[in-house]
Structures are given as C-alpha cells and as structure tokens.
Amino acid sequence: MAVSLSPVFYARQLRHELKLTGAVDLSLVADRMNIRIFEEALDAEGYLIQKGKEARIIINNNIGYETRKCFTIAHELGHFYMPHHQESIFRCLARDIQSYCSDRKLEYEANEFAGEFLLPAQELEKRLLQPPNLDMIKEFSKIYGTSLTATAVKVVQLTCEKIAVVLSESGEIKWFRKSESFPYWINKGPLHEWTYAYDFFSAGKSLPETPQKVQAMAWCQGVSREELIFEESMAFPNLNIVMTLLYIPYEEECDAFWW
Ligand SMILES: [Zn+2]
C-alpha cells in the first residue's frame, strides 16, 4: 500500500509544480488542473465531484465572503490532488471547513492542504520577525487574500511563540488552535466573565484595540491564580463571533511586555 504524505507536503508540491509564489489565483490554478468551478445553491459548503478525467468544484452560492470561498475551493483542490483522497464525491460541510479542527480525517487534511496552499509556510516564516499580533494577521490576510481565522491558524502553527487563537460565537468558545510551545489547554463552552470577549457578548462593550493583561485562568485550564496572559480580541458583529489571540511572553521578554 502506498504511503500517504502530509497535506502540507502535497500543498507545497502542487505550488512547486505550478511554479506559484505569493497569493494564489485559484481560478487560474483550476484552469491549469482542468477543474471547473461552479457556484450553486447547496446543502453543504462545497463539493468536489470527479468522474473519469473530469472534475468539478461546486461552491455554495450563499457564502458571503470571498476569502471563505477561496478557502473552500483550496480545500476541494486538496481532495482532488492528494492521492489517497479517492472518493468520487466529497461533500464538505461548513462545520468541518470553518472549525479548523474537524475530527473527520480527510476533511482535516483538506483544511491543512488549503492552509499551506494559500499561506505557504516558507514565505510566512520570513515575515514572522516578531511575536504575532492581530495587526500582523490582518496584514498577512490582505497579502494572501485569506480570512483572518485561516491566517491566524497558520501563524499559530508556525510561530515559536507561546500563542493560541480562540474562536467564540454567541458567548461560547467553539474551538482553539495553539502553537507547540503554548502550554495550556482551553475548554470549549461559555466564556469566563473575566475575559474581554465575554464583555463584548454580554454587555456589547467594544473591545480594546491593543492586547490586555487578564488572569490566565479565565481562558486556560490548570493555571495558577497569579499567572497573567495577554488577550487581544477582535469582534465580527455581523457573525456574532470574536477571534482572540492569547499570548504568553517568554521570561526574558516579560519586563518589556508586562510593564
Ligand atoms: Zn472536504
């Protein structure tokens, strides 16, 4: 049985084969791969349908954001390109594509493929010259035409800093992704009242524009009472969503960051 390689490997291989650098023009990529892209009313976020040598990607025409459409197209390209993704029809749901932590293996892999195909690690790492913050994530998402959440997830995967991205919706933590060095776990469920994100949902307070110190136990499990963490939250009021970056400076940086 052939060994399947990582989704990141396949995404890099395809970028290399197509000689891509920087932001990707997905309709051009689809043309070169003989894949046709359609937008229709769907019961899912997107489909990949393969029949013989023909392949079609169909995207839900309800998706309001261009960046979200792009991620879904790149996700379907992942199903098409990765050799061990062999189903003739992939029906891909919003909850699998948007959560970045699907427990369905092939869906998770297609997301990892899309993350690398749109946001190549080798390019991003050169830009990660300081601890990530929301301004940096906004800048990268502009350069690569990717959503803020997809960009934040990729940055968190690449950085050596102790950082996590948390997505909350209607006052509840839905998912989080953390860097390798971020030492804590974050539970899903209602936000703690000591967080700024909680204030946004419960009292409609506007969120501070810079990172704020909060008690780490308001976000993380197994933390002592004294420990502090930086919270930088950003609201998407139309979606009733808050994206939060949590950041713990290294010891030697502490003086500069805390005081
Ligand atoms: Zn899928």
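A nonpolar core is taken here as a set of buried Ala, Val, Leu, Ile, Met, Phe, Trp, Tyr and Cys residues joined through side-chain atoms within 4.5 Å. In this predicted model, the largest such core has 29 residues, and Leu26, Leu77, Phe113 and Phe117 are those with the most contacts inside it. Two or more residues each come from helices H1 (7-17), H2 (26-32), H3 (66-81) and H5 (105-118), and likewise from strands S3 (54-60) and S4 (89-92). Helix H3 gives the most to this core, with 5 residues.

Leaving aside its neighbours within four places in sequence, Phe113 is in contact with Pro7, Tyr10, Ala11, Leu14, Ala74, Leu77, Gly78, Tyr81 and Met82. Leu77, one of these partners, is also listed with Phe113 among the residues with the most contacts inside the core. A second, separate core has 25 residues, including Trp175, Phe230, Met234 and Ile241. In soluble globular proteins, nonpolar side chains tend to be buried together.

The surface has a nonpolar feature too: Val3, Leu5 and Phe9 make a patch of about 290 Å².

As for confidence, the protein chain averages a pLDDT of 92, and 95% of the residues score at least 70. Among the elements, strand S7 (residues 189-190) has the highest mean pLDDT (98) and helix H10 (residues 251-258) the lowest (57). Where pLDDT is low, the predicted coordinates should not be read in detail.

Note on methods. Residues are numbered from 1 along each chain as its sequence is written. This is a predicted model: local features need pLDDT of at least 70, side-chain atom pairs count only at pLDDT 80 or more; totals for chains, interfaces and linings use all residues. Side-chain values use heavy atoms; hydrogens and water are left out. pLDDT is the predictor's confidence in each residue, from 0 to 100. Helices (H or I, at least four residues) and strands (E, at least two) are DSSP runs, numbered from the N terminus. Buried means under 20% relative accessible area, exposed over 50%, partly exposed in between (1.4 Å probe, protein chains only). Contact means heavy atoms within 4.5 Å. Patches are made of residues with over 30% relative accessible area and no salt bridge: like charges are joined within 9 Å, nonpolar side chains (Val, Leu, Ile, Met, Phe, Trp, Tyr) within 5 Å. Accessible areas come from the Shrake-Rupley method with a 1.4 Å probe; for residues, only the protein chains shown count as cover. A salt bridge is a side-chain nitrogen of Lys or Arg within 4 Å of a carboxyl oxygen of Asp or Glu.
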